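Dear colleague,

Please find below the structure that I promised to hand over. My notes on the findings follow directly after it.

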Amino acid sequence: MTVNFDRVASPYRWLEYASFGPYLARCRRAQLPHLPASRRALILGDGDGRFTARLLRSNPSLSADVVDSSSAMLRLLQGRIRATAAWQQHRIRLCHADALEWSPAGSYDLVVTHFFLDCLFPGQLTLLMDRLLPHLEQGTQWIVSEFAVLPAGPGFYLSASLVSALYQAFGLLTGLAVRKLPEHASLFESRGFELAREIRFLGGLLRSQLWSLP
């Protein structure tokens with residue numbers, strides 16, 4: 001089955017609030033105060049664009065390429081920008097493409113992946129990283145928002161069951177075949193990134209990470 005996030009575009013925000021309340025949105029926004037120097041961003045799979053709109057408002061000098069395989073999500077993002085700050089439209093470029101097949105142009109000093117890496121198999125994550133690395137400037141910051149399975153103990157079984165249930169649900173709704181969170185930290189470290197900051201929500205079930213390329 002082909003992965004298709006168009007099916008969840010319209011109800012996505014309400015599904016998010018029904019399941020985790022405001023915490024997914026808080027996780028996405030957690031690193032915004034630490035990005036004042038960013039000038040050119042690459043945003044992969046931002047969904048309905050709530051983060052992109054906030055990022056543009058918080059940093060007037062930044063421009064962004066937004067890549068998403070869902071045309072419905074991109075339409076929601078574009079509509080959000082038009083409704084909240086139409087004059088900012090020239091600062092974003094929307095790219096309807098699979099991030100694994102899309103070819104970057106130019107360079108970036110910020111990469112944003114909110115709940116995106118967990119949709120990739122390990123080999124796909126490596127492919128994505130190695131494709132983007134030549135286009136990243138020194139000092140590039142990379143935001144990762146993700147679910148996490150807690151360490152051994154009572155929280156492990158609850159978090160593992162919840163993550164498994166989320167994968168099953170998204171598999172039914174979108175055709176996503178991935179069923180396991182990728183181990184991205186070791187890959188980031190092997191490519192020279194350092195974890196600069198991590199903020200946890202819901203006891204560690206949600207994590208917002210800021211990686212830096214020295």
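The side chains of Glu16 and Arg28 form a salt bridge, with 2.7 Å from N to O; by salt bridge I mean a side-chain nitrogen of Lys or Arg within 4 Å of a carboxyl oxygen of Asp or Glu. This pair links distant parts of the chain, since Glu16 belongs to helix α1 (residues 12-20) and Arg28 to helix α2, 12 residues apart. Helices (H or I, at least four residues) and strands (E, at least two) are DSSP runs, numbered from the N terminus. Glu16 is buried because its relative accessible area is 3%, and Arg28 is likewise buried, at 7%. The cut-offs are as follows: buried means under 20% relative accessible area, exposed over 50%, and partly exposed in between (1.4 Å probe, protein chains only).

Please note that this is a predicted model, in which local features need pLDDT of at least 70 and side-chain atom pairs count only at pLDDT 80 or more, whereas totals for chains, interfaces and linings use all residues. Residues are numbered from 1 along each chain as its sequence is written, and side-chain values use heavy atoms, with hydrogens and water left out.

Further salt bridges

Glu16 and Arg28 also belong to a network of salt bridges that includes Asp48, Arg50 and Arg80. In total, the structure holds 8 salt bridges. As background, side chains of opposite charge can pair when their charged atoms come close.

Another of these pairs joins Asp130 to Arg191, whose closest N and O atoms are 2.8 Å apart.

Overall fold

The protein chain has 7 helices and 7 strands. Its elements follow the order α-α-β-α-β-α-β-β-α-β-α-α-β-β from the N terminus. The radius of gyration is 16 Å, close to the 17 Å that the globule rule gives for 214 residues, so the chain is as compact as a globular protein of that length. This radius is taken over C-alpha atoms, and the globule rule is 2.2 Å times the number of residues to the power 0.38. The C-alpha trace spans about 50 × 40 × 30 Å along its principal axes, and 49% of the 214 residues count as buried.

Surface patches

Arg26, Arg29, Arg54 and Arg57 form a positive surface patch. Patches are made of residues with over 30% relative accessible area and no salt bridge, with like charges joined within 9 Å and nonpolar side chains (Val, Leu, Ile, Met, Phe, Trp, Tyr) within 5 Å. For charges, Lys and Arg count as positive and Asp and Glu as negative, while His and the chain ends are not counted; the place of a charge is NZ of Lys, CZ of Arg, CG of Asp or CD of Glu. Helices α2 (23-29) and α3 (50-58) each supply at least two residues of the positive patch. Arg54 is located in α3 and is partly exposed, at 37% relative accessibility.

A nonpolar surface patch consists of Val149, Phe156 and Tyr157, which together have about 290 Å² of accessible area. Accessible areas come from the Shrake-Rupley method with a 1.4 Å probe; for residues, only the protein chains shown count as cover. Tyr157 sits in helix α6 (residues 154-174) and is exposed, at 60% relative accessibility.

Backbone at two loop residues

Most residues other than glycine have a negative phi. Phe115, however, has a positive phi of about 50 degrees although it is not a glycine. Phe115 lies in the loop between β4 and α5 and is buried, at 12% relative accessibility. Leu202, also not a glycine, has a positive phi near 50 degrees. Leu202 is in the loop between β6 and β7 (206-212) and is partly exposed, at 36% relative accessibility.

With kind regards
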